[in-house]
Amino acid sequence: MGALLVEHAFAKINLTLDVLGRRDDGYHEVDMVMQTVDLADVLTLEDDPGGDITIDASVSTVPLDERNLAHTAARVFRMRSGVERGVRIHIDKQIPVAAGLAGGSADAAAVLRGLNRLWAAGRPLAELAEWGASVGSDVPFCVWRGCAVARGRGERIEPVRHTMNAWVVLVRPPVFVSTGDVYAALTRADYSGAPRSPLMKAALVAGDFEAVRANVFNALAPVTFRLYPEVRRVAQRVQQVAQVPVYMSGSGPTLYCLLPTRGAAQRVYHALRGFMREVYLCRFLTAAPLPAPAAGALP
Ligand SMILES: C[C@](O)(CO)[C@H](O)COP(=O)(O)OP(=O)(O)OC[C@H]1O[C@@H](n2ccc(N)nc2=O)[C@H](O)[C@@H]1O
Ligand SMILES: Nc1ncnc2c1ncn2[C@@H]1O[C@H](COP(=O)(O)OP(=O)(O)OP(=O)(O)O)[C@@H](O)[C@H]1O
């Protein structure tokens, strides 16, 4: 067995998401506050010096070939770093797939960080984040993690340093949402004149939970609700049961509630579990997450 290491791939939620306009390259200019939460896929990377890139996963809902974003990231890493080795990637999938939580992007970012350690390439995170932009718009943020304002098409990252400990209850409605279709259905009326990120940033830095909740915004939510009315119905039901505001992450369909304490979050979690199958309880990850275990050869 070759050298082996474990890397966690954390999900994100969007606290704000303003779309400022459409660009000539077909992408949209966005301004969004992204927050890492402690719901994670666990990736195991095993060096395979003479081999290729191979993937296996704990679920059958993700592709295992070159369409997997972890595979793309490994190819990008090999090309950019010049390291010509193979790797066996195992993905223990905990983040719901195609949910608006950047599960695939988090896996891609974990592969970039993990291969950097496994193959002792010594590249700074900034460089890995730049490489990640060629894999997907959410990948640079997922390389950095924590909290940040993401601009451009999502790849320009400005860290937000705060220590707020909010709890998050995630609900994934059983609806398949295509990110591309949601962006394509945006109209001028959905664009924002000015982004909300400065207000959200100030609320987070001040540790003002109510101000955070008051400034959550997602320009894609009305679009997803228009395209997939079932998501709106679930949001209304969640709001009735939880008795707190309900928001949507990314292009959806995952909905979330923010709670100030573990106790309040547990009450909402248990109430929602009564009628929804996919409910998750997690919290903000503000500091750099788990220390990376050293790569080592197993007997
Ligand atoms: C919705 C978010 O998850 C919010 O964080 C991201 O903006 C989407 O990030 P992502 O899934 O990594 O997106 P990509 O894989 O780069 O793009 C998927 C599709 O979404 C559209 N797209 C994406 C990002 C962006 N700023 N403008 C876009 O119009 C494009 O049509 C693109 O073909
Ligand atoms: N490692 C992976 N994990 C999850 N999905 C993947 C992966 N690789 C490729 N995919 C494909 O990417 C699509 C989007 O999955 P993902 O879980 O990344 O969506 P998402 O959470 O909506 O992402 P985002 O929030 O960045 O838009 C799925 O249809 C899936 O088949």
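1. UniProt positions are given in the numbering used here, with shortened feature names, and annotations may be inferred rather than shown by experiment. Residues are numbered from 1 along each chain as its sequence is written, and chains are lettered from A and ligands numbered from 1 in the order in which they are written. Because the model is predicted, local features need pLDDT of at least 70 and side-chain atom pairs count only at pLDDT 80 or more, while totals for chains, interfaces and linings use all residues.

2. **Ala 98.** This residue sits in the loop between β4 (86-92) and α2. Helices (H or I, at least four residues) and strands (E, at least two) are DSSP runs, numbered from the N terminus. Ala 98 is partly exposed, because 19 other C-beta atoms lie within 10 Å. The scale runs as follows: buried means 20 or more other C-beta atoms within 10 Å of the residue's own, exposed means 12 or fewer, and partly exposed is in between, with C-beta atoms placed from the backbone. Ala 98 touches Phe 176 and Val 177, not counting residues up to four places away in sequence. Contact here means that two C-beta atoms, placed from the backbone, lie within 7 Å.

3. Gly 103 counts as buried, because it has 27 C-beta neighbours inside 10 Å. Leaving aside neighbours within four places in sequence, Gly 103 is in contact with Ala 11, Asp 41, Ile 95, Pro 96 and Val 97.

4. The UniProt annotation "active site" (unreviewed entry) covers Lys 12 and Asp 138. They are spread over 127 residues of sequence, yet they cluster in space, with a largest C-alpha distance of 9.3 Å.

5. **Lys 12.** Strand β1 holds Lys 12. Lys 12 counts as buried, because it has 29 C-beta neighbours inside 10 Å. Not counting residues up to four places away in sequence, Lys 12 touches Met 34, Gln 35, Thr 36, Val 37, Leu 101, Ala 102, Phe 141 and Cys 142.

6. **Asp 138.** This residue is found in the loop between α3 and α4. Asp 138 is buried, because 30 other C-beta atoms lie within 10 Å. Its contacts, leaving aside neighbours within four places in sequence, are Ala 102, Ser 105 and Gly 154. Ala 102 also touches Lys 12.

7. **Domains.** The chain is divided into domain 1 (3-161) and domain 2 (167-283). These bounds come from an automatic or database domain assignment. The C-alpha centres of the two domains lie 22 Å apart. The contact takes 25 residues from domain 1 and 33 residues from domain 2. On the side of domain 1 that touches domain 2, β1, β2 (28-48) and β5 (147-152) each supply at least two residues. β1 gives the most, with nine residues. That side of domain 1 divides into 17 nonpolar, five polar and three charged residues. Ala, Val, Leu, Ile, Met, Phe, Trp, Tyr, Cys and Pro count as nonpolar, Asp, Glu, Lys and Arg as charged, and the others, Gly among them, as polar.

8. **Ligand 1.** This ligand is surrounded by 19 residues, of which the closest are Gly 136, Ser 137, Arg 153, Tyr 183 and Gly 250. A residue joins the shell if its C-beta atom, placed from the backbone, lies within 6 Å of the molecule. Elements giving two or more residues to the shell are β1, β2 and α5 (179-184). The shell divides into six nonpolar, 11 polar and two charged residues. Both domains give residues to the shell, so ligand 1 lies between them.

9. **Asn 14.** Strand β1 (residues 3-22) also holds Asn 14. Asn 14 counts as buried, because it has 27 C-beta neighbours inside 10 Å. Leaving aside neighbours within four places in sequence, Asn 14 is in contact with Met 32, Met 34, Asn 218, Ser 249 and Gly 250. The C-alpha atoms of Asn 14 and Val 149 are separated by 9.8 Å, although the two are 135 residues apart along the chain.

10. **Helix α3.** The buried residues of α3 (residues 125-132) are Leu 128, Ala 129, Trp 131 and Gly 132. Seen down the helix axis, they fall within an arc of 160°, so they line one face of α3. The arc is that of the directions from the helix axis to the C-beta atoms. Their cover includes α1 (69-81), α2 (103-118), α4 (139-144) and β6 (156-159).
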